[in-house]
Amino acid sequence: SEAIEQSPNIIIITDLEGNIIYANSILKKITYYDISEVIGQNYQMFESGFSSEEFYEKIWKKVLGGDIWRGELYSKKKNGEFYWESVAIAPIKDSEGKLFRVVIVKQDVTELKKLIAELTEAKEKAEEINRLKTQFFAYMSHELRTPFLGIMGYAQLLRDLSESEEAAEMADGILRSSQRMIDTLSNILDLTKLEFDKTEAVIKETNIVDIVDDVYKQFEKTALQKNIELKKNVSFSKLIIKTDERFILGIL
């Protein structure tokens with residue numbers, strides 16, 4: 001009796017018609033009803049009016065059938081304030097196994113639901129910001145690639161037309177720098193595609209040796225300018241595997 005009376009949850013006992021026989025003292029703190037005001041009243045006094053009578057009838061039918069009902073109810077306090085509560089309604093049987101009472105255990109979860117709603121809203125906002133950021137990077141990557149391709153075209157033309165070795169090397173430098181920028185932009189674009197689940201691996205027979213050669217040639221002169229020794233050691237002329245060439249190139 002003391003455990004029930006001092007429980008932090010509202011505990012109500014009713015007869016089979018839903019008339020309240022007992023309520024513990026926490027009821028007043030949460031609903032503002034005195035115990036004397038609820039004894040003899042039907043449990044319907046807590047209904048908010050937002051749910052249909054059929055809804056409550058289904059609950060009561062299940063309990064009177066010997067099952068426990070658990071769920072959330074939108075209820076009303078004495079002052080007219082509405083609140084959410086987590087509710088468990090269970091049948092009580094006598095020593096002969098006959099149903100003769102119903103016990104209702106209720107917990108105010110209004111603040112918890114508000115917190116969950118706030119966290120859900122914050123999560124959705126964060127996801128929206130992340131989506132906009134991803135779209136921005138995808139847009140910028142795409143837009144920046146175009147002018148760099150133009151720069152590379154002019155650099156290639158300059159190299160073909162240049163008569164001095166020094167001018168040709170400067171044109172090569174522009175080409176290498178532009179190519180590195182395009183590669184970086186391509187990587188950003190690939191990452192954004194992955195976030196949107198739009199990237200698919202295109203598996204085909206690929207010669208790894210050719211990819212290694214491409215990467216070596218691309219960075220050979222850059223490494224030399226930085227006094228970095230770049231070595232390539234391949235013991236065969238051809239090695240075919242099934243993979244996505246873009247991904248292997250990006251990894252290397």
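This text walks through a predicted model, from its sheet to its aromatic rings and then to one helix. Local features need pLDDT of at least 70 and side-chain atom pairs count only at pLDDT 80 or more, while totals for chains, interfaces and linings use all residues. Residues are numbered from 1 along each chain as its sequence is written, and side-chain values use heavy atoms, with hydrogens and water left out.

Start with the sheet. It is open and has 5 strands, in the order S2-S1-S5-S4-S3, with antiparallel pairing. Strands here are DSSP runs of E with at least two residues, helices are runs of H or I with at least four, and both are numbered from the N terminus. Two strands pair if DSSP finds at least two bridges between them. Strand S2 (20-23) and strand S3 (69-76) are the edges, and each pairs on one side only. Neighbouring strands are turned by 30 degrees against each other on average, direction ignored. Such angles are taken between axes, which are lines fitted to C-alpha atoms, for helices over the stretch in contact; angles run from 0 to 180 degrees between N-to-C directions.

Now take the strand pairs. Strand S1 (residues 10-14) meets S2 in the antiparallel sense over 3 bridges. Ile-12 stands opposite Ala-23 in S2. Helix H4 packs on this sheet and touches S1, S3, S4 and strand S5 (99-108). A contact means heavy atoms within 4.5 Å. The direction of H4 makes about 140 degrees with that of S3.

S3 and S4 run antiparallel and are joined by 8 bridges. Tyr-74 has Trp-84 in S4 as its bridge partner. The hairpin of S3 and S4 has 5 residues between the strands, and Gly-80 there takes a positive phi near 90 degrees.

The aromatic rings come next. The structure holds 8 aromatic pairs. Rings of Phe, Tyr and Trp (its six-membered ring) pair if their centres lie within 6.5 Å; planes under 30 degrees apart count as stacked, over 60 as edge-to-face and the rest as tilted. Phe-50 and Phe-82 are edge-to-face, because their planes stand at 85 degrees, with the ring centres 5.1 Å apart. Phe-50 lies in the loop between helix H3 (35-38) and helix H4 (53-64), and Phe-82 lies in strand S4 (residues 82-93), so the pair ties together parts that are 32 residues apart in sequence.

Phe-82 also pairs with Tyr-74. That pair is stacked, 5.6 Å centre to centre, with 25 degrees between the planes. Phe-50, Tyr-74, Phe-82 and Trp-84 form one aromatic cluster. How open are these rings? Phe-50 is exposed at 59% relative accessible area, whereas Phe-82 is partly exposed at 31% and Tyr-74 is partly exposed at 25%. Buried means under 20%, exposed over 50%, and partly exposed in between (1.4 Å probe, protein chains only).

The charged end of Lys-77 lies over the ring of Tyr-83, 5.2 Å from its centre. Lys-106 lies over the face of Phe-46, at 4.2 Å from the ring centre. The criterion is NZ of Lys or CZ of Arg within 6 Å of the ring centre and within 35 degrees of the ring normal.

Finish with helix H5 (residues 110-161). Thr-110 lies in H5 and is buried, at 15% relative accessibility. Leaving aside residues up to four places away in sequence, Thr-110 touches Tyr-83 and Trp-84. Gly-150 is also found in H5 and is partly exposed at 30%.
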